[in-house]
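Here is a short note for someone opening this entry for the first time. Please read the points with the structure in view.

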Amino acid sequence: MVKITDVARHAGVSPSTVSYALSGKRPISEETRQRVEASIRELGYRPHAGARALASSRSNVLALVIPLRTGIHVPVVMQFAMSVATTARRHDHDVLLLTQEEGEEGLRRVADSALVDAMIVMDVQLDDPRLPLLRSLDRPSVLIGFPAEADGLTCVDLDFRAAGELCVERLAGLGHRVVALVGSPPEVYVRRTAFAQRVVQGFTAAAHRNGLITCVHPCEPAPAAAAAVAEQLLREQPALTGVVVHNEPLLEPLVDAFEQLGLRVPGDLSITAICPHELAESVRVPVTSVALPAAELGSRAVELLMKKLGGKTVPDATLLAPRLTERASTAPRNAP
């Protein structure tokens with residue numbers, strides 16, 4: 001393992017000069033700095049993380065705050081976490097994953113401990129109780145999600161309202177007049193989770209604009225719940241021909257449930273969804289969907305944090321436009 005003394009010997013300077021070149025705490029000549037940096041590159045020297053933190057007052061650690069609450073689809077959450085970790089490593093940072101539901105207290109404990117340089121916060125609620133603290137901390141943060149009032153915060157997310165609208169517009173364009181939203185689990189709406197609320201807003205707005213008959217049903221992520229909601233939808237709306245799904249685990253069970261009730265997908269019923277594209281492609285009848293860009297959102301959040309840590313100005317709001325991919329689950333309405 002290459003040590004700081006090896007770099008000093010190679011560059012013809014003292015170990016303290018190498019330390020100053022790394023930390024910037026004392027001025028050294030540009031010629032000496034370049035010589036030290038050339039030796040570091042040639043020898044492949046990497047400062048010890050603890051020593052580097054002491055020298056720079058940085059931990060080179062980002063906190064990823066993902067409270068694993070009920071109703072969260074963990075495989076999708078892990079896509080975000082993997083993207084954040086991978087992008088952070090490209091910036092020589094590690095990630096501390098915080099999954100407990102501790103709210104403001106947990107954020108305060110981490111911030112006061114100096115364990116992390118900055119925070120990425122997920123599962124944002126419209127009226128999130130963590131926001132006042134995030135606004136007051138001396139550590140930068142980025143939210144993956146948009147609260148109702150985002151002033152003083154840096155937020156990035158898919159435009160979920162536009163995603164809900166896009167799914168409905170596609171069904172309306174195919175001639176469907178009676179459509180339903182099978183949404184997230186009930187507790188997600190009770191918490192007023194921002195992304196779920198905005199899908200409902202977009203779904204409702206587009207349906208009203210197109211003069212459609214609609215209903216919205218939260219649903220637990222289980223096959224039995226899918227069967228129950230499919231039966232309820234057809235009982236309440238016998239003319240139903242279009243469904244938007246915003247509940248990843250229900251895609252395959254819903255296709256099965258409707259077919260068991262005598263409706264073929266897409267011959268009798270068209271289905272669109274908001275979900276990761278690989279999930280939409282894996283269903284027995286591949287589903288027309290708006291992709292959930294977890295990898296891009298995680299990467300964008302880290303890049304925004306790195307700029308903030310570097311003292312650069314970043315946009316307050318970054319909304320990714322939804323993109324719909326047509327697959328086998330949608331077709332023109334089979335008019336009577």
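1. Bear in mind that the model is predicted.

2. Helix α1 covers residues 4-11, and its buried residues are Val7, Ala8 and Ala11. Viewed down the axis of α1, these buried residues fall within an arc of 100°, so they line one face of the helix. An α-helix has 3.6 residues a turn, so residues three or four places apart point the same way.

3. Strand β1 spans residues 61-65, and five of its five residues are buried. Val61, Ala63 and Val65 lie on one side of β1, with Leu62 and Leu64 on the other, and both faces are covered. In a regular strand the side chains alternate between the two faces of the sheet.

4. β1 runs parallel to strand β2 (residues 94-98), to which five bridges join it. Across from Leu64 stands Leu97 in β2. Together with helix α5 (residues 74-90), β1 and β2 make a right-handed β-α-β unit.

5. β1 is also parallel to strand β3 (residues 118-121), and four bridges join the two. Val65 has Val121 of β3 as its bridge partner.

6. The count of disulfides is zero. For Cys215, the closest cysteine sulfur is that of Cys219, 12 Å away, which is too far for a bond because a disulfide needs the sulfur atoms within 2.5 Å. Cys215 counts as buried at 13% relative accessibility, and Cys155 counts as buried at 0%.

Note on methods. Residues numbered from 1 in each chain as written. Predicted model: local features only at pLDDT ≥ 70, side-chain atom pairs only at ≥ 80, totals over all residues. Heavy atoms only, no water. Buried < 20%, exposed > 50% of the residue type's maximum accessible area, 1.4 Å probe, protein only. Arc of directions from axis to C-beta. Pairing = 2+ DSSP bridges. Right-handed = clockwise from strand over helix to strand, strands pointing away.
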